[in-house]
Amino acid sequence: MKVAVITGSAGLIGAEAVDFWAAQGFLTVGIDNDLRRYFFGPEASTAWSRRRLVKTVPGYRHYSVDIRDRKAILGIFAEYSSDIRFVLHTAAQPSHDWAAREPLTDFSVNAEGTLVLLEATRRHCPEAVFVFTSTNKVYGDAPNRLPLVELATRWELDPTHPYAERGIDECLSVDQCKHSLFGASKLAADVLVQEYGRYFGLKTGVFRGGCLTGGGHSGTELHGFLSYLMRCCVEGRPYTVFGYRGKQVRDNIHSGDLVNMFWHFYQNPRVGEVYNAGGSRHSHCSMLEAIALCEEISGNKLNWNYTDTNRIGDHIWYVSDVSKFRSHYPDWSYRYDLPATLAQICQGWRQRREAASRPGAQAAFVPSEWTEGFPAVNLQESLVASS
Ligand SMILES: NC(=O)c1ccc[n+]([C@@H]2O[C@H](COP(=O)([O-])OP(=O)(O)OC[C@H]3O[C@@H](n4cnc5c(N)ncnc54)[C@H](O)[C@@H]3O)[C@@H](O)[C@H]2O)c1
């Protein structure tokens, strides 16, 4: 039986990958302890997603294990051993701002957790393909030094600059810039993943994401801006825009398009490879443009305010150049553009809202088994029953 191990399996990218790999005939093993709830509170919990996977994905096995728990992780990898053909590592502390609150937790999850998974792969399934979801924050605030021009609704790159046509490529320096502690811990992990390829010969791929989003995102103020923006439109919550006159530009890739990139890499893997992976010039918007689109799609006016202070290390303009990936995998292409992605996000929030309003539905959002902190895990106990 071919096994795919997916960390962060209840998160946006992890859950999309579980669905995808299960549909390709793999036994999917998910590792996720809902630490997102610890980071961002009950409303950002991914327990609802885990419940869906356990209920609907045939054969799905969920381990409520912390990726930092070496013993438990090595135990899972030993159990499935060389049946493991694919490891997708998406579990992370994903926010700049949160990282500054607890730098030790951030680094231990993002950097040490990644090392534990790489080592488990090397020891138990060295032939497996290992994919890591890195981030464009590894380039720190270096993109803010690009020559930008201010337009009516957005910042844009000077049209004569080499990045203007396709976006930022993988050659941008990761040095001598401000990363935020989150960017630094992800960069440490990013380099480790490359090194396990170059030094040990593992088939590792690093995907440096722009904004990743989709209907399955549990967006919250500190992470998942498009999802949270749409949620505020749908639910009439106030939204705060931080700095750059609301003209900061992001590229946005749908989780399905990203997972499809991983599938192409899996089928024809390389060693220690790095790709920028985002919406590119195909799908990007400024904050002001995103607000207008969300209002149009949801049919609701957003109640938003502006504060002049930008988030530390935040990009003013970031668009990923995906042409390196395209040149290695010419059969890959986007399936979602920005309006289609936002329409799905809007529908997702409406469905979850509707489900939450049903009698007794609260349990789907606040898992009763949750305990604060990082409890020691017993492997047998942590395997969530799928019946
Ligand atoms: N969403 C984005 O815009 C974005 C952009 C660039 C990079 N990324 C990266 O992509 C990856 C996936 O992002 P996402 O949006 O799916 O994140 P997500 O927060 O939706 O999902 C991550 C999941 O990992 C789990 N998790 C966190 N720490 C864990 C731990 N120590 N042990 C076990 N499980 C743990 C969380 O509970 C959550 O369900 C992350 O590595 C993130 O840094 C995301």
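A residue is counted as near a molecule or strand if its C-beta atom, placed from the backbone, lies within 6 Å of it. The structure is a predicted model, in which local features need pLDDT of at least 70 and side-chain atom pairs count only at pLDDT 80 or more, while totals for chains, interfaces and linings use all residues. Residues are numbered from 1 along each chain as its sequence is written.

**View 1. The shell around the ligand.** The ligand is surrounded by 29 residues, and the closest are Gly8, Gly11, Ala92, Thr133 and Gly209. Helices (H or I, at least four residues) and strands (E, at least two) are DSSP runs, numbered from the N terminus. At least two residues of the shell come from each of helix H1 (12-23), helix H2 (35-40), helix H6 (103-124), strand S5 (129-135) and strand S9 (211-213). H1 gives the largest share, three residues. Ala, Val, Leu, Ile, Met, Phe, Trp, Tyr, Cys and Pro count as nonpolar, Asp, Glu, Lys and Arg as charged, and the others, Gly among them, as polar. By these classes the shell holds 12 nonpolar, 12 polar and five charged residues.

**View 2. The packing of helices H8 and H10.** Axes are lines fitted to C-alpha atoms, for helices over the stretch in contact, and angles run from 0 to 180 degrees between N-to-C directions. Helix H8 (residues 225-235) packs on helix H10 (residues 287-298) at an angle of about 45°, and their axes are 9 Å apart. H8 is therefore oblique to H10; angles under 35 degrees count as roughly parallel, over 145 as roughly antiparallel, 65 to 115 as roughly perpendicular and the rest as oblique. The crossing of H8 and H10 is right-handed; a crossing is right-handed if the near helix is turned clockwise from the far one by less than a right angle, and left-handed if anticlockwise. Leu226, Leu229, Met230, Cys233 and Val234 of H8 make the contact with Ala290, Ile291, Cys294, Glu295 and Ser298 of H10, where contact requires C-beta atoms, placed from the backbone, within 7 Å. This contact of H8 with H10 comprises eight nonpolar, one polar and one charged residues.

**View 3. The packing of helices H4 and H6.** Helix H4 (residues 70-80) and H6 pack at an angle of about 35°, their axes lying 9 Å apart. H4 and H6 form a right-handed crossing. From H4, Arg70, Ile73, Leu74, Phe77 and Ala78 meet Val116, Leu117, Ala120, Thr121 and His124 of H6. Seven nonpolar, two polar and one charged residues make up the contact of H4 with H6.

View 4. Most residues other than glycine have a negative phi. Gln176, in the loop between strand S7 (155-157) and helix H7 (180-198), has a positive phi near 55°. Tyr244, in the loop between strand S10 (238-242) and strand S11 (249-254), has a positive phi of about 55°. A residue is buried if 20 or more other C-beta atoms, placed from the backbone, lie within 10 Å of its own, exposed if 12 or fewer, and partly exposed in between. Gln176 is exposed because 7 other C-beta atoms lie within 10 Å, whereas Tyr244 is buried, with 22 C-beta neighbours inside 10 Å.

**View 5. The surroundings of Ala91.** Ala91 lies in the loop between strand S4 (84-89) and helix H5 (96-101). Ala91 counts as buried because 30 other C-beta atoms lie within 10 Å. Leaving aside residues up to four places away in sequence, Ala91 touches Thr7, Gly8, Ile31, Asp32, Ile67 and Gly113.

Notes. Contact = placed C-beta atoms within 7 Å.
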